[in-house]
Amino acid sequence: MSEHPGLETYVCPYCRLSSDPSSPACPNCGAPVSTRELRDDEGWVEQPPIRDMARIQFGRSQCQIAGTYVPVAEMSLAPGEQVYFSHHVLLWADPGTQLAARQMAKGWDRRKAGMPLVMMEATGPGRIAVSDDEPGELIAVPLEGGQAIEVAEHHFLMATSAVSYEWLHTRTWWALGKGSNRELFYPRGRYVDRFTAQQRGLLLLHANGNAFIRDLRDDERIYLTPRALLYKDPKVYMNIHMERPASPRAHWKLIPMIRLTGPGRVAIQSQYGFEAESHYGWDELGPDGSWRNWNPDPSRWRPVIKEREPLYP
Amino acid sequence: MAVHAVPSRSTRGQGSNVPVAVGLARLVVMGVGRPPHAERRGAAAVERIACSWCHYENEPGRTSCGTCGAPLDVANAVSESGWRAAPRLREMAEFRVGNVTCQIAGQVVPVAEFTLADGDTIYFEQHTLLWKERTVSLTGKNLKSAGRRTIAGMPHSVIEAGGPGRIAVTRDASGEVVVLPLHPGIETDVRGHAFLAASQNVGYDFIRIEKLASMLHGGPGMYLDRFVASDTQGLLLLHGYGNVFQRRLGVGEKILVEPGGFLYKDAPVTVSPVPVQAGAGFRHANWAELTGPGRVGIQSMYVHRHSS
């Protein structure tokens, strides 16, 4: 693992930051140092769970991860240091910790997207703990100044004040109907959260189930069930993709997926909360939308199905 | 996907011919029952390791079973009552049945990843699809008696994925993947919503359990999925919620199981409702009484219908 053995530096394969190889866990992201990389044949690397009671340093403050099933992040905030989070993840706080509301811009957009309108801000000195309420893994993403990451909505747990938070349109949608009857569907949510570090900061995410990461090569593509996406590099391009299974009968529904195109890192979760919906066609796909029909005889489709010319490359 | 007719009652019971599980994870077998891919070296006896879960005889040096992925170098987890914990598959454990290679990843919500060669096929329910490569083809298959299955809240169709390429499925809930290599002709009955994936040569049907409707699903009807391999060994993956335990019942041996905890059984094992002893608060609750011979699998995480 040591990239420069003579200098005794260690580059963590998960957060890609240098640290001390003698410590049991990466001080930047908490990933165990001694764990061998679990890479499958397809190129997915399992994000190793942060060990119980592992510590992560950020600024003058410290975070300790407790629990392995529904992990809790306990923060010891140094005087003047701030973190922010959504109020529903707050587990407990010392009375001395200053808690305040942090207003977010574009409140109407966030309300439409089902996102929290107000964040909570905690200022040290003091201790607080945050936790999601689903079995899974807590993922620490240290960000260097200028570095950004795009996170699927509802996975954000906490960030330091040096990390700015904005949200972008996912552009992964399809539309049914026209004019006033036009209805939009967003299989991976309307917005994706973008976190950008102004200076070095820490971002905590919660993945439901297990988390896997993969580095896509330039122009490499992967087709993913939409809700499984956890985060991605901003360089990874995402667009809507539809697949129609081959079937002698024409009533088979479409399978909405998202197509991710490298280069860059993507992370997925293994518990994604499938929602059964009926999708028989579309009038318009989001930008660069693609689709594939595995039916050898497209003429047997029901005539009511509306689909454009094949865009699949 | 090959869908086979359910054999008559008289042809069942072959599950009892499977050797009874031994008390050790490692069983050294001398020179008999050589697996097809084992290299033969003269007449010398070759030590092979029998998997305590699926009884497949593995070549020496393996640490996990080549057919079900179970660790071969760990002590058996069998309770004093005889329940054997389903093997906790090691991260990235890989195994192979026929031409289909499967790898299990993740411990909380495990993912099953398949590597399919050209012409290889697996099938699964649509909502379990996690990701796939571009070259993997998808074909929709409607199951028999789709109307009855729909009414019972069961899936009425599956998706068949064809190689070449890679594809991953997951059941989207905490628990364990249970790998059941199916010997030809052996029928396995599985509770609804536990099926994860199966190889093409495994037939998928269902049977109706009379009088158990209110016990197991609380709905108007209750079906068990029935899987049977055709002429070659097949692969069946189930998802057990929480932890999974298995016990082999002898002929006429009975066990009472909370209906929600029941996961799978061999076809010869019969199920019948037994009322919980009358008392305040029990109302009309029933146990599922399972009578051997054969294997019975249970899961530790379920919703108890009277406390939910």
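**Chain contact and local features of the predicted model**

Within strand β9(B), B:Lys132 is the bridge partner of A:Tyr223. The two strands concerned, β21 (residues 221–224) of chain A and β9(B), run antiparallel and are joined by 2 bridges; two strands are taken to pair if DSSP finds at least two bridges between them. Helices (H or I, at least four residues) and strands (E, at least two) are DSSP runs, numbered from the N terminus. The model is predicted, so that local features need pLDDT of at least 70 and side-chain atom pairs count only at pLDDT 80 or more, whereas totals for chains, interfaces and linings use all residues. Residues are numbered from 1 along each chain as its sequence is written, and chains are lettered from A and ligands numbered from 1 in the order in which they are written.

The contact between the chains involves 32 residues from chain A and 30 residues from chain B. On the side of chain B that touches chain A, at least two residues each are supplied by β6 (100–105), β7 (111–116), β9 (129–132) and β10 (137–142) of chain B. The largest share of that side, 5 residues, is contributed by β10(B). By residue class, the side of chain B that touches chain A comprises 12 nonpolar, 12 polar and 6 charged residues. Here Ala, Val, Leu, Ile, Met, Phe, Trp, Tyr, Cys and Pro count as nonpolar, Asp, Glu, Lys and Arg as charged, and the others, Gly among them, as polar.

Chain A contains 1 helix and 27 strands, and chain B contains 2 helices and 24 strands. Of the 313 residues of chain A, 42% count as buried; of the 308 residues of chain B, 46% do. A residue is buried if 20 or more other C-beta atoms lie within 10 Å of its own, exposed if 12 or fewer, and partly exposed in between, with C-beta atoms placed from the backbone. In chain A, 69% of the contacts with a separation of 6 or more are between residues 24 or more positions apart. In chain B, 69% of the contacts between residues at least 6 apart in sequence join residues at least 24 apart. Two residues are in contact if their C-beta atoms, placed from the backbone, lie within 7 Å.

Strand β5 (residues 61–66) of chain A includes A:Cys63. This cysteine is classed as buried because 25 other C-beta atoms lie within 10 Å. Neighbours within four places in sequence aside, A:Cys63 is in contact with A:Ile56, A:Phe58, A:Ala73, A:Glu74 and A:Met75. The C-alpha atoms of A:Cys63 and A:Glu243 are 43 Å apart in space, and the two residues are 180 residues apart in sequence.

The peptide bond from A:Gly124 to A:Pro125 is cis, with omega near 10°; A:Pro125 is located in the loop between β10 (118–123) and β11 (126–131). A cis peptide bond also leads from A:Gly262 to A:Pro263, where omega is near 15°, and A:Pro263 belongs to the loop between β24 (255–261) and β25 (264–269).

Positive phi values occur at A:Met53, near 70°, and at A:Asp288, about 60°; neither residue is a glycine. A:Met53 is placed in the loop between β3 (45–46) and β4 (54–58) and counts as exposed because it has 11 C-beta neighbours inside 10 Å. A:Asp288 is found in the loop between β26 (284–285) and β27 (290–293); with 15 other C-beta atoms within 10 Å, A:Asp288 is therefore partly exposed.
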